[in-house]
Amino acid sequence: MASLEGKTALVTGASSGIGAATVQALRREGVRVAGGARRTERIDADVVGELDVTDPASCERFAREAVSDLGGLDVLVNAAGLAVGRELFERSTEEDERIVLETNLNGLVRMTRLCLPHLRDGGHIVNLGSVAGRQAYPSGALYVTSKFAVRGFTYALREDLLGRPIRITTVDPGLVETEFSLVRFRGDREAADSVYRGVEPIRPEEIAECIVFALTRPPHVNVDEIVVKALAQSSGARILRSEE
Ligand code: 8X3
(Lines give C-alpha, C1' and ligand atoms only; values in the text may rest on other atoms or scores of the structure.)
Protein backbone atom coordinates (compact mmCIF):
# COMPACT_ATOMS: atom_id res chain seq x y z
CA MET A 1 0.00 0.00 0.00
CA ALA A 2 1.41 3.40 -1.01
CA SER A 3 1.44 6.09 1.66
CA LEU A 4 -0.35 9.39 1.16
CA GLU A 5 1.61 11.08 3.96
CA GLY A 6 2.78 14.55 2.92
CA LYS A 7 0.73 14.61 -0.30
CA THR A 8 -1.66 17.40 -1.23
CA ALA A 9 -5.21 17.22 -2.56
CA LEU A 10 -7.92 19.47 -3.90
CA VAL A 11 -11.50 18.33 -3.28
CA THR A 12 -14.56 19.95 -4.86
CA GLY A 13 -17.97 19.68 -3.25
CA ALA A 14 -16.14 19.72 0.07
CA SER A 15 -18.94 21.16 2.21
CA SER A 16 -21.08 18.02 2.49
CA GLY A 17 -21.62 14.40 1.61
CA ILE A 18 -18.94 12.40 -0.16
CA GLY A 19 -16.76 15.46 -0.73
CA ALA A 20 -16.68 16.37 2.97
CA ALA A 21 -16.09 12.75 3.99
CA THR A 22 -13.24 12.51 1.47
CA VAL A 23 -11.56 15.60 2.91
CA GLN A 24 -11.54 13.97 6.34
CA ALA A 25 -10.42 10.57 5.06
CA LEU A 26 -7.51 12.14 3.19
CA ARG A 27 -6.46 14.23 6.18
CA ARG A 28 -6.41 11.10 8.34
CA GLU A 29 -3.93 9.67 5.79
CA GLY A 30 -1.66 12.67 6.26
CA VAL A 31 -2.76 14.60 3.17
CA ARG A 32 -2.99 18.41 3.21
CA VAL A 33 -6.34 19.15 1.65
CA ALA A 34 -7.85 22.20 -0.02
CA GLY A 35 -11.63 22.00 0.05
CA GLY A 36 -13.78 24.10 -2.24
CA ALA A 37 -17.53 24.68 -2.22
CA ARG A 38 -20.04 27.53 -2.25
CA ARG A 39 -20.80 27.14 1.48
CA THR A 40 -17.31 27.79 2.83
CA GLU A 41 -18.49 27.95 6.46
CA ARG A 42 -19.21 24.22 6.27
CA ILE A 43 -15.79 23.18 4.95
CA ASP A 44 -13.35 21.61 7.39
CA ALA A 45 -10.05 21.46 5.47
CA ASP A 46 -6.45 22.73 5.65
CA VAL A 47 -7.16 25.27 2.93
CA VAL A 48 -10.73 26.51 2.52
CA GLY A 49 -11.93 28.31 -0.59
CA GLU A 50 -15.14 29.48 -2.17
CA LEU A 51 -15.83 27.47 -5.29
CA ASP A 52 -18.76 27.45 -7.69
CA VAL A 53 -17.80 24.87 -10.30
CA THR A 54 -20.35 26.34 -12.73
CA ASP A 55 -18.44 29.63 -12.77
CA PRO A 56 -15.18 29.61 -14.79
CA ALA A 57 -13.74 32.60 -12.89
CA SER A 58 -14.47 30.98 -9.52
CA CYS A 59 -12.80 27.76 -10.68
CA GLU A 60 -9.72 29.58 -11.96
CA ARG A 61 -9.37 31.54 -8.72
CA PHE A 62 -9.83 28.54 -6.45
CA ALA A 63 -7.51 26.27 -8.44
CA ARG A 64 -4.80 28.94 -8.53
CA GLU A 65 -5.03 29.82 -4.84
CA ALA A 66 -5.38 26.22 -3.65
CA VAL A 67 -2.38 25.00 -5.64
CA SER A 68 -0.34 27.95 -4.40
CA ASP A 69 -1.35 27.47 -0.73
CA LEU A 70 -0.72 23.72 -0.91
CA GLY A 71 2.59 24.17 -2.72
CA GLY A 72 1.67 21.87 -5.63
CA LEU A 73 -0.89 19.17 -6.22
CA ASP A 74 -0.91 15.38 -6.04
CA VAL A 75 -4.61 14.51 -6.00
CA LEU A 76 -7.77 16.03 -7.47
CA VAL A 77 -11.12 14.70 -6.28
CA ASN A 78 -14.06 15.98 -8.35
CA ALA A 79 -16.90 15.41 -5.91
CA ALA A 80 -19.19 18.36 -6.65
CA GLY A 81 -22.43 17.16 -8.18
CA LEU A 82 -26.19 17.31 -7.90
CA ALA A 83 -29.52 16.27 -9.36
CA VAL A 84 -32.52 18.54 -9.75
CA GLY A 85 -35.93 16.94 -9.92
CA ARG A 86 -37.07 13.35 -10.22
CA GLU A 87 -39.61 13.55 -13.00
CA LEU A 88 -40.17 12.55 -16.60
CA PHE A 89 -38.08 14.36 -19.18
CA GLU A 90 -41.21 16.07 -20.54
CA ARG A 91 -41.14 18.23 -17.42
CA SER A 92 -37.48 19.20 -17.77
CA THR A 93 -36.62 22.90 -17.97
CA GLU A 94 -33.82 24.87 -19.55
CA GLU A 95 -32.70 26.05 -16.10
CA ASP A 96 -32.63 22.57 -14.50
CA GLU A 97 -30.72 21.14 -17.46
CA ARG A 98 -28.20 23.95 -17.30
CA ILE A 99 -27.55 23.52 -13.57
CA VAL A 100 -27.12 19.75 -13.74
CA LEU A 101 -24.89 19.70 -16.82
CA GLU A 102 -22.88 22.74 -15.73
CA THR A 103 -22.23 21.28 -12.27
CA ASN A 104 -21.75 17.59 -12.98
CA LEU A 105 -20.08 17.75 -16.36
CA ASN A 106 -18.73 21.17 -17.33
CA GLY A 107 -17.61 21.92 -13.76
CA LEU A 108 -15.78 18.60 -13.48
CA VAL A 109 -14.14 18.99 -16.89
CA ARG A 110 -13.19 22.59 -16.08
CA MET A 111 -11.60 21.77 -12.73
CA THR A 112 -9.72 18.87 -14.30
CA ARG A 113 -8.40 21.10 -17.10
CA LEU A 114 -7.32 23.75 -14.60
CA CYS A 115 -5.64 21.33 -12.18
CA LEU A 116 -4.00 18.95 -14.64
CA PRO A 117 -0.99 21.22 -15.41
CA HIS A 118 -0.24 21.41 -11.67
CA LEU A 119 -0.47 17.68 -10.94
CA ARG A 120 2.93 16.32 -9.98
CA ASP A 121 4.22 13.05 -11.39
CA GLY A 122 2.44 10.27 -9.52
CA GLY A 123 -0.68 12.43 -9.38
CA HIS A 124 -4.20 11.05 -9.33
CA ILE A 125 -7.59 12.32 -10.51
CA VAL A 126 -10.71 10.83 -8.94
CA ASN A 127 -14.06 11.59 -10.53
CA LEU A 128 -17.30 10.91 -8.71
CA GLY A 129 -19.63 9.23 -11.15
CA SER A 130 -22.73 7.28 -10.16
CA VAL A 131 -24.52 4.04 -10.84
CA ALA A 132 -26.78 6.40 -12.82
CA GLY A 133 -23.86 6.72 -15.25
CA ARG A 134 -23.98 2.98 -15.93
CA GLN A 135 -27.67 2.04 -15.85
CA ALA A 136 -30.35 4.51 -16.88
CA TYR A 137 -33.53 4.73 -14.81
CA PRO A 138 -36.82 6.57 -15.36
CA SER A 139 -37.36 10.19 -14.38
CA GLY A 140 -33.69 11.04 -14.03
CA ALA A 141 -32.72 11.86 -17.62
CA LEU A 142 -30.43 14.80 -17.03
CA TYR A 143 -28.68 13.30 -14.02
CA VAL A 144 -28.22 10.00 -15.89
CA THR A 145 -26.91 11.89 -18.93
CA SER A 146 -24.43 13.89 -16.87
CA LYS A 147 -23.06 10.81 -15.11
CA PHE A 148 -22.73 8.79 -18.32
CA ALA A 149 -20.76 11.78 -19.59
CA VAL A 150 -18.51 11.77 -16.51
CA ARG A 151 -17.65 8.14 -17.24
CA GLY A 152 -17.03 8.98 -20.90
CA PHE A 153 -14.78 11.87 -19.97
CA THR A 154 -12.88 9.73 -17.46
CA TYR A 155 -12.14 7.12 -20.10
CA ALA A 156 -11.26 9.71 -22.75
CA LEU A 157 -8.81 11.30 -20.33
CA ARG A 158 -7.44 7.87 -19.48
CA GLU A 159 -6.51 7.62 -23.16
CA ASP A 160 -4.94 11.07 -23.29
CA LEU A 161 -2.95 10.48 -20.10
CA LEU A 162 -1.59 7.13 -21.23
CA GLY A 163 2.18 7.26 -20.95
CA ARG A 164 2.14 9.94 -18.26
CA PRO A 165 2.56 9.12 -14.57
CA ILE A 166 -0.92 10.30 -13.65
CA ARG A 167 -3.69 7.92 -12.64
CA ILE A 168 -7.41 8.40 -13.07
CA THR A 169 -10.32 6.64 -11.39
CA THR A 170 -14.08 6.94 -11.54
CA VAL A 171 -15.91 6.02 -8.34
CA ASP A 172 -19.56 5.26 -9.07
CA PRO A 173 -21.75 5.09 -5.96
CA GLY A 174 -25.35 4.04 -5.65
CA LEU A 175 -27.55 4.85 -2.69
CA VAL A 176 -25.49 7.06 -0.38
CA GLU A 177 -27.24 9.00 2.38
CA THR A 178 -26.32 12.66 1.88
CA GLU A 179 -28.08 15.94 1.10
CA PHE A 180 -28.27 14.71 -2.50
CA SER A 181 -31.94 13.75 -2.23
CA LEU A 182 -32.94 16.95 -0.45
CA VAL A 183 -31.48 18.93 -3.35
CA ARG A 184 -32.95 16.57 -5.93
CA PHE A 185 -36.43 16.96 -4.40
CA ARG A 186 -36.01 20.75 -4.26
CA GLY A 187 -36.00 20.93 -0.46
CA ASP A 188 -38.91 18.53 0.13
CA ARG A 189 -37.67 16.83 3.30
CA GLU A 190 -40.35 14.11 3.36
CA ALA A 191 -39.61 13.08 -0.23
CA ALA A 192 -35.87 13.13 0.47
CA ASP A 193 -36.15 11.05 3.64
CA SER A 194 -38.30 8.45 1.87
CA VAL A 195 -35.35 7.64 -0.43
CA TYR A 196 -33.43 6.21 2.52
CA ARG A 197 -36.40 4.61 4.32
CA GLY A 198 -36.61 0.83 4.74
CA VAL A 199 -33.11 0.28 3.41
CA GLU A 200 -29.59 0.63 4.73
CA PRO A 201 -27.86 3.18 2.51
CA ILE A 202 -24.12 3.58 2.11
CA ARG A 203 -22.52 6.21 4.31
CA PRO A 204 -20.38 8.90 2.64
CA GLU A 205 -17.41 7.74 4.73
CA GLU A 206 -17.67 4.32 3.09
CA ILE A 207 -17.27 5.89 -0.35
CA ALA A 208 -14.36 7.96 0.94
CA GLU A 209 -12.68 4.70 2.01
CA CYS A 210 -13.01 3.44 -1.57
CA ILE A 211 -11.37 6.60 -2.84
CA VAL A 212 -8.49 6.12 -0.40
CA PHE A 213 -8.18 2.53 -1.60
CA ALA A 214 -7.72 3.66 -5.21
CA LEU A 215 -5.22 6.34 -4.17
CA THR A 216 -3.10 3.99 -2.09
CA ARG A 217 -2.49 1.30 -4.70
CA PRO A 218 1.12 0.99 -5.90
CA PRO A 219 2.03 3.63 -8.52
CA HIS A 220 1.90 1.17 -11.43
CA VAL A 221 -1.68 0.13 -10.57
CA ASN A 222 -4.56 2.22 -11.94
CA VAL A 223 -7.94 1.34 -10.47
CA ASP A 224 -10.07 2.44 -13.43
CA GLU A 225 -13.45 2.23 -11.76
CA ILE A 226 -15.09 1.35 -8.49
CA VAL A 227 -18.84 0.68 -8.44
CA VAL A 228 -20.43 0.66 -4.99
CA LYS A 229 -24.09 -0.15 -4.41
CA ALA A 230 -26.06 -0.68 -1.25
CA LEU A 231 -26.55 -4.42 -0.78
CA ALA A 232 -30.32 -3.95 -1.10
CA GLN A 233 -30.14 -2.32 -4.52
CA SER A 234 -29.31 -3.66 -7.96
CA SER A 235 -29.52 -0.30 -9.75
CA GLY A 236 -30.34 3.33 -9.06
CA ALA A 237 -34.01 2.51 -9.52
CA ARG A 238 -34.30 -1.00 -8.08
CA ILE A 239 -34.10 -0.85 -4.32
CA LEU A 240 -35.46 -3.49 -2.01
CA ARG A 241 -37.14 -1.87 0.97
CA SER A 242 -38.30 -3.62 4.13
CA GLU A 243 -41.90 -3.17 5.25
CA GLU A 244 -42.22 -0.76 8.16
C1 8X3 B 1 -26.84 8.93 -6.93
C2 8X3 B 1 -27.32 7.56 -7.01
O3 8X3 B 1 -29.10 5.97 -7.71
O4 8X3 B 1 -29.86 8.17 -7.09
O5 8X3 B 1 -25.72 9.08 -7.72
O6 8X3 B 1 -28.75 7.83 -9.17
S7 8X3 B 1 -28.83 7.40 -7.80
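**Figure 1. Helices α1 and α7 cross in a right-handed sense.** A crossing is right-handed if the near helix is turned clockwise from the far one by less than a right angle, and left-handed if anticlockwise. The model is predicted: local features need pLDDT of at least 70, side-chain atom pairs count only at pLDDT 80 or more, and totals for chains, interfaces and linings use all residues. Residue numbers start from 1 along each chain as its sequence is written, and side-chain values use heavy atoms, with hydrogens and water left out. Helix α1 spans residues 17-28 and helix α7 spans residues 204-215. Helices (H or I, at least four residues) and strands (E, at least two) are DSSP runs, numbered from the N terminus. The α1 and α7 axes lie 8 Å apart, at an angle of about 55°. Axes are lines fitted to C-alpha atoms, for helices over the stretch in contact; angles run from 0 to 180 degrees between N-to-C directions. The two helices, α1 and α7, are therefore oblique to each other. Angles under 35 degrees count as roughly parallel, over 145 as roughly antiparallel, 65 to 115 as roughly perpendicular, and the rest as oblique. From α1, the contact (heavy atoms within 4.5 Å) draws on G17, I18, A21, T22, A25 and L26. From α7 come P204, E205, I207, A208, I211, V212 and L215. By class, the contact of α1 with α7 has 10 nonpolar, two polar and one charged residues. Ala, Val, Leu, Ile, Met, Phe, Trp, Tyr, Cys and Pro count as nonpolar, Asp, Glu, Lys and Arg as charged, and the others, Gly among them, as polar.

**Figure 2. Helix α2 packs on helix α3 at an angle of about 35°.** Helix α2 covers residues 56-70 and helix α3 covers residues 94-115. Their axes are 10 Å apart. The crossing of α2 and α3 is right-handed. P56, C59, E60, F62 and A63 of α2 meet R110, M111, L114 and C115 of α3. Seven nonpolar, no polar and two charged residues make up this contact of α2 with α3.

**Figure 3. Helices α3 and α4 pack at an angle of about 15°.** That makes α3 roughly parallel to α4. The axes of α3 and α4 are 9 Å apart. Their crossing is right-handed. On α3, the contact residues are E97, V100, L101, N104, L105, L108, V109 and T112. On α4, they are L142, Y143, S146, K147, A149, V150, F153 and L157. The contact of α3 with α4 has 11 nonpolar, three polar and two charged residues.

**Figure 4. Residues surround the ligand.** A ligand oxygen atom is 2.6 Å from an N or O atom in the side chain of S130. For the Y137 side chain, the corresponding distance from a ligand oxygen atom to an N or O atom is 2.6 Å. For the Y143 side chain, it is 2.5 Å.

**Figure 5. N222 sits in the loop between α7 and β7 (225-228).** The N222 side chain reaches the backbone oxygen of I168 at 2.9 Å. The side chain of N222 also makes a polar contact with the side chain of D224, at 2.7 Å. A polar contact is a pair of N or O atoms within 3.5 Å; within protein, one must be able to donate a hydrogen and the other to accept it, and residues adjacent in sequence count only if both atoms are side-chain atoms. Leaving aside neighbours within four places in sequence, N222 is in contact with R158, R167 and I168.

**Figure 6. S139 has a positive phi.** Most residues other than glycine have a negative phi. Phi of S139 is about 65°. S139 lies in the loop between β5 (119-128) and α4 (141-161). R186 is not a glycine either, and its phi is near 55°, a positive value. R186 is in the loop between α5 (180-184) and α6 (189-195).

Terms used:
Near = heavy atom within 4 Å.
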